[in-house]
Amino acid sequence: MYNFNKKTIIASATFISAFYFGQTDSVSSKKIDDVVILGSRGAGRSLTETPVPVDIINISKILRQSPVNNISQALNYVVPSFSSTSHTVNDGTDFVDPALLRGLGPDQVLVLLNGKRRYQSSLINVTLTPGRGSVGTDLNAIPAFALEKIEVLRDGASAQYGSDAIAGVVNLGLKKRLGLSGQVFLGGYASPVANNFSGGVDGQTISADLNYGAKIGEKGFINVTGSVQYRDPYSRAGVRQGDIFNAYNAINYRALQNGVNIDGLYKNITNTPNTQQIINTVRQYASQVGYFSQDFKDQISGANSIAALQGLLRRDFTDQELTYRGLERKDFSLRAGQSKLQSAQLFFNSEIPVNEDWKVYSFGGYSYRLGNAGGFYRLPNTERNINAVTSNGYLPQIEASVNDYSLAGGIKGKWNGWNVDLSNTFGKNAFNFGVVNTFNASLVENSPRTFEAGGSEFLQNTLNLDFSKKYDVLHGLNIAFGGEYRYENYKVNAGNENSYVSYDIFGRVVTAATPDNEKVTDFFGVVRPAGSQVFPGFSPDNAVSGSRNSVAAYADVEIEPTDWWLLEGAVRFENYSDFGSTFNYKLATNVKLAKNFNLRGAVSTGFRAPSLAQIYYSSTSTLIQKGQTTQVGTFRNNSEAAQALGIPKLKQETSQSYSTGITWKIPSLSLVFTADAYLIKIKDRVVLTDLFYRPETVNTPDDQVLQSAFDLARASAANFFANAVDSQTKGLDITISQNSRISEGISLENNLGLNLNQTRRIGDIHASPKLVSQINNYFSEPNRVYFEEAVPRIKATLANTLRLAALTVSLRNSYFGKVTDADVLDANFDGVTENREHFILNERFVTDLSVGYDFNKNISATVGSNNIFNILPSKSPNISSLTADNQFVYSRQVSQYGIGGRFLFARIEFKF
């Protein structure tokens, strides 16, 4: 770390030192005041005059100068308070990156497209990552090349925009430019850790974008963007440790080489008429295993029952069998890293004047993505493998297809001095799970290798009518009001039967009436599991369609009593058909204390309606225990099981937000400084609990109550979505922007951003009286970590861009603070595991460098690297529960910036 720090400090210092040589010319440098529309229904203000902090990101410049290739990556590196990284071996979360602002959940930041509410993904994050239990907006369903700019409002804004805007608002602005432009991007990870630490290059990405804008009439336009991308997976898995092959695997393999399938001689090892044939066949081929000792062969020959053979053949012979088959331990590792991705996207943006006062507009697009991610490797020595087909085991894979459709249209103009905007915005996300290279193990060698496992859909339609008018009162008065109607629908679609059921030895679906000796087993008598391995499909019991609607009305006033004081106020009332009404307000101000020095602040209330997925999602499995059916898994919040266990119906989260800050503009240095402190209190946050269990024995009256409740619910283990906790988030954002013109054709731009953030649970857990005895499962220690410590509490970026005529050199240093892995374990190896003992991923500096050249005004090229010094996250201690037998060298639950290592890229861009 010392050498790396020295390199980055020297590099940044070299860039920044040029600032001192350019001060005398800085007044004539490019003006850095951008007009902010987000957060105001007035005419817009400069960045330093807004009452709340707003970032404006020139996404075209970011794409041209940096290795990022999608919206989440761009925001993660440019906005310190924003966090989003890819995850691995986490089901659907491998394909949709959770995005967090100010450390709050993905569903606590509102996303707009051209100022209109964007719909959320249908995928609910139920796996082991930050944002667990939430539903966010999939930013990467929109091609970054289609955008002109991104605005990030870092303050509560529910009174202005409605549900979800607790942490802030992200507005994506589509391009309006005319003419033809495009880019081709090539990149890949070139690192010693590539290809599972073999080195070389992996995770190659190639993408192409094309944008065309044309005039319609005198003042109208249409702008269309097409984008295609192909991304290879990468893996950073360690060499697998532990047992892989047992003695039975060795014997069965020798038999298979001779055309005999021992597993094919039975379906249930305890219920087969040819027991002696099986024993004789095992004896015959055991003699052909050369590395078995004579004593071991004699023991096998002397075994006269299946039970006796089972006791002998569990013995591990991994190293010997690997040598015999010409394999290595690394051949049995999972894929720990980036998923495979293919995508095609088409978006448009248009406006057509009707007359001098009115124009119609429309925008939207379609996105298709096909992803492939690996699960845990199914080893030969387990009941999940079918040795006759995959004698060396197999890596099951989730192949997800994600379809997004959106279309917005409206008319806006002036009517009796009022600005009027009438619009309708439609959006739909469909997420379908396919499972490939896998088995339904209960069908043994007759199992298909691919399955349709079902999926989810989310549809949203929003109708808005907005009015605003500016009055010449005092130093300016703007009044706005309007209304909104929104309809939402969430569906879970069942998969094919063979993706979720278990079949008996006769090929019938296993039920409570199926005796144990008719269930399919492996040689050791272990019942083979149901459904498609890696992702069992959604069953008809999980299938659902749930809808709701909401109506809202708001009023918004901005007034400048003097030329140095701005005051804003907003109120909003909403009524939801499922949980009722909510009323929110916001007050904000900006006071000019001195020329170019402003004080600003805001206080507001906010809310987040529970997502339909949190209300209606379920993923349960039916188990047969002692001849009785029982269910385990995630039950719907409105299910009979939830009612039986006293889980209340979900209601809205409510928030109180406070912020205060200063802005300081120094024209002589072309420098802008902002600092904003914030405090966010949230009540009744929705969490996905851990599993609650039915007590096996009754030792207390509470046990009796809980046992009866589980029996009524017909469940033995269950978890739920519940309004379980309250939280408090506090932090500080600092930004410094500076531009210098050093000489003719030479300029330097410097940008520093810093975010300090802390989220803590406050108060008691809101527990059902029936579940008090298992209250720690409401908000477990891993859940606490995802809540409080899974994203960096300190994050900073320093970006320097030097322009030398046609040459552009960009350097970005990013600091990522510590994060905590959620697993509770003996991280310091002292033999004692404390309640809050975890593996800590230490802070890291990551450096990006790129060099661009403009061949002419139409064509440019950029080459560079993300993480040029190949700085990797802290390695996990080799504890099996954490690394899965040394496969997860880096944490799969949390990540500051990814585990890929050095990424090299080249980009060619043209515009006409």
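Predicted model: local features only at pLDDT ≥ 70, side-chain atom pairs only at ≥ 80, totals over all residues.
On its surface, ten named residues build a nonpolar patch with about 750 Å² of accessible area together: Ile352, Val354, Val360, Ile411, Leu422, Leu463, Leu465, Tyr485, Tyr487 and Val551.

**Nonpolar surface patch**

- The elements that contribute two or more residues to this nonpolar patch are β17, spanning 451-471, and β18, spanning 477-493.
- Val360, one of the patch residues, belongs to strand β14, which covers residues 358-374.
- With a relative accessible area of 32%, Val360 counts as partly exposed, because that class lies between under 20% for buried and over 50% for exposed.

**Packing of helices α7 and α9**

- Helix α7 (residues 275-286) packs with helix α9 (residues 306-313) at an angle of about 35 degrees, and their axes are 10 Å apart.
- The contact draws on Thr275, Ile278, Ile279 and Val282 from α7, and on Ile306, Leu309 and Leu313 from α9.
- The crossing in which α7 passes α9 is left-handed.

**Phe692 and its surroundings**

- Phe692 sits in strand β27, made of residues 692-693, and is buried, with a relative accessible area of 0%.
- Leaving aside residues up to four places away in sequence, Phe692 touches Phe710, Ser716, Ala717, Ala718, Phe720, Leu771, Gln774, Asn777 and Tyr778.

Definitions and conventions
Residues numbered from 1 in each chain as written. Heavy atoms only, no water. Patch = residues over 30% accessible without salt bridge, like charges linked within 9 Å, V, L, I, M, F, W, Y side chains within 5 Å. Areas by Shrake-Rupley, 256 points an atom, 1.4 Å probe, with all protein chains shown as cover. Salt bridge = Lys/Arg side-chain N within 4 Å of Asp/Glu carboxyl O. Helix = DSSP H or I, 4+ residues; strand = E, 2+ residues; numbered from the N terminus. Buried < 20%, exposed > 50% of the residue type's maximum accessible area, 1.4 Å probe, protein only. Axes fitted to C-alpha atoms, helices over the stretch in contact; angles between N-to-C directions. Left-handed = near helix turned anticlockwise from the far one by under 90°. Contact = heavy atoms within 4.5 Å.
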